[in-house]
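Visitor: I have a model open and would like a quick tour. Can we take it piece by piece?
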Amino acid sequence: MLGFSCAGKSTYIRHLVTNDREFETASPVYEHMFRSGLRSALKSGDLFHMDISAVQDSRGDDRTGGLAGRVHDHPLFSRVFEAGHEITVDVLVAPRSEIRSRIERRDYLGLGWGMDNAVGTYPREYKLARLNYMDLTRRYLIWQDYLRRNSVSHRFLWSVDQSFRHLDCWDDAQRVLDN
C-alpha cells in the first residue's frame with residue numbers, strides 16, 4: 001500500500017485481512033518493523049504499508065520534485081522495489097482536505113491497524129508541515145511515473161469512505177488529489 005500519511009493505508013489493510021479471504025492469512029508489515037529490526041525483508045504474502053511522505057534526506061525541493069521528491073529517497077525503497085519480488089501496489093488517494101483532517105485528529109503511532117496499540121505519539125505537526133509544503137499531486141505523480149516506467153502492477157483506490165473503490169486511471173486519482 002502506498003499513500004501519504006493518513007491516506008487510509010492501515011484501514012485498507014484491515015479491510016483486506018478481515019473482508020477478503022485471499023488476504024486472511026496475509027501479514028501486515030509496517031515501516032517501523034524494519035527500523036526496529038523486527039523485519040529485514042518482505043516475504044511473499046506480506047501487505048506492506050508505505051508512507052510516501054517519508055524521504056531519507058531533505059535536500060532538494062519537494063514542491064518541484066527535486067532530490068527529496070525522488071522515489072529512491074524513501075528509506076525503504078530498496079527493500080521493497082529492488083528486492084526481486086513480484087509486487088502489486090495499491091495506491092490510496094484522498095483529497096488533501098481529507099488527509100489534513102485525518103492528520104489533525106490523529107494522536108498516536110500504532111501497531112496493527114495504525115490507530116490501536118499506541119507505540120508513540122504521532123508527529124502531527126511534522127506531517128502537517130510536510131503536507132502544507134508539498135505539492136501532493138506531484139508527490140503521487142513521481143510514484144505513479146516510477147510504477148508505470150518499471151511495469152509495476154498498480155491501481156488507485158478512493159479511501160475517503162472506506163469503500164476502497166477502484167479509480168480507472170491516474171487522471172481520476174489526480175482529480176481526487178487536486179480537490
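**Core, pocket and loops**

Guide: This is a predicted model. Its largest nonpolar core has 51 residues, and Phe-81, Val-93 and Tyr-140 touch the most other members.

Visitor: Which helix gives the largest share of this core?

Guide: Helix H6, residues 136-149, with 6 residues. As background, nonpolar side chains tend to be buried together in soluble globular proteins.

Visitor: What is Phe-81 in contact with, leaving aside its neighbours within four places in sequence?

Guide: Met-50, Ile-87, Val-89, Trp-143, Tyr-146 and Leu-147.

Visitor: Take Leu-147 then. Where is its place, and is Leu-147 buried or exposed?

Guide: Leu-147 sits in helix H6. Leu-147 counts as buried because its relative accessibility is 1%, and the cut-off for buried is under 20%.

Visitor: And what does Leu-147 touch, not counting residues up to four places away in sequence?

Guide: Leu-2, Phe-81, Val-89, Val-91, Val-152 and His-154.

Visitor: Pockets next. What volume does the second largest pocket have?

Guide: About 580 Å³. The lining of that second largest pocket has 22 residues, and Asp-46, Leu-47, Glu-86, Ile-87 and Thr-88 lie nearest its centre.

Visitor: Which elements give two or more residues to that lining?

Guide: Strand E3 (46-51), helix H3 (77-81) and strand E4 (88-93). E3 gives the most to the lining of the second largest pocket, with 4 residues.

Visitor: How many of the lining residues are nonpolar, polar and charged?

Guide: The lining of the second largest pocket has 12 nonpolar, 4 polar and 6 charged residues.

Visitor: Backbone now. What is the phi of Ser-151?

Guide: Ser-151 has a positive phi of about 50°, although Ser-151 is not a glycine. Most residues other than glycine have a negative phi. Ser-151 is in the loop between H6 and strand E7, which covers 153-158.

Visitor: What about the phi of Phe-164?

Guide: The phi of Phe-164 is also positive, near 50°, and this residue is not a glycine either. Phe-164 lies in the loop between E7 and strand E8 (166-167).

Visitor: Are those two residues buried or exposed?

Guide: Ser-151 is exposed, with a relative accessible area of 68%. Phe-164 is buried, with a relative accessible area of 6%.

Visitor: Last topic, the whole chain. How many helices and strands does the chain have?

Guide: The chain has 7 helices and 8 strands. Of its 179 residues, 46% count as buried.

Visitor: What does the accessible surface come to?

Guide: About 9,300 Å² for the chain, of which 45% belongs to carbon and sulfur atoms.

Visitor: And what share of the contacts with a separation of 6 or more comes from residues 24 or more positions apart?

Guide: Residues 24 or more positions apart account for 62% of those contacts in the chain.

Technical notes
Residues are numbered from 1 along each chain as its sequence is written. This is a predicted model: local features need pLDDT of at least 70, side-chain atom pairs count only at pLDDT 80 or more; totals for chains, interfaces and linings use all residues. Side-chain values use heavy atoms; hydrogens and water are left out. A nonpolar core is a set of buried Ala, Val, Leu, Ile, Met, Phe, Trp, Tyr and Cys residues joined through side-chain atoms within 4.5 Å. Buried means under 20% relative accessible area, exposed over 50%, partly exposed in between (1.4 Å probe, protein chains only). Contact means heavy atoms within 4.5 Å. On a 1 Å grid over the protein atoms alone, a cavity is a set of points where a 1.4 Å probe fits but cannot get out, and a pocket is an open set with protein on both sides within 12 Å along at least five of seven lines; lining residues have an atom within 4 Å of a point. Grid points are joined across faces, edges and corners, and a volume is the space filled by probe spheres set on the points. Ala, Val, Leu, Ile, Met, Phe, Trp, Tyr, Cys and Pro count as nonpolar, Asp, Glu, Lys and Arg as charged, and the others, Gly among them, as polar. Accessible areas come from the Shrake-Rupley method with a 1.4 Å probe; for residues, only the protein chains shown count as cover.
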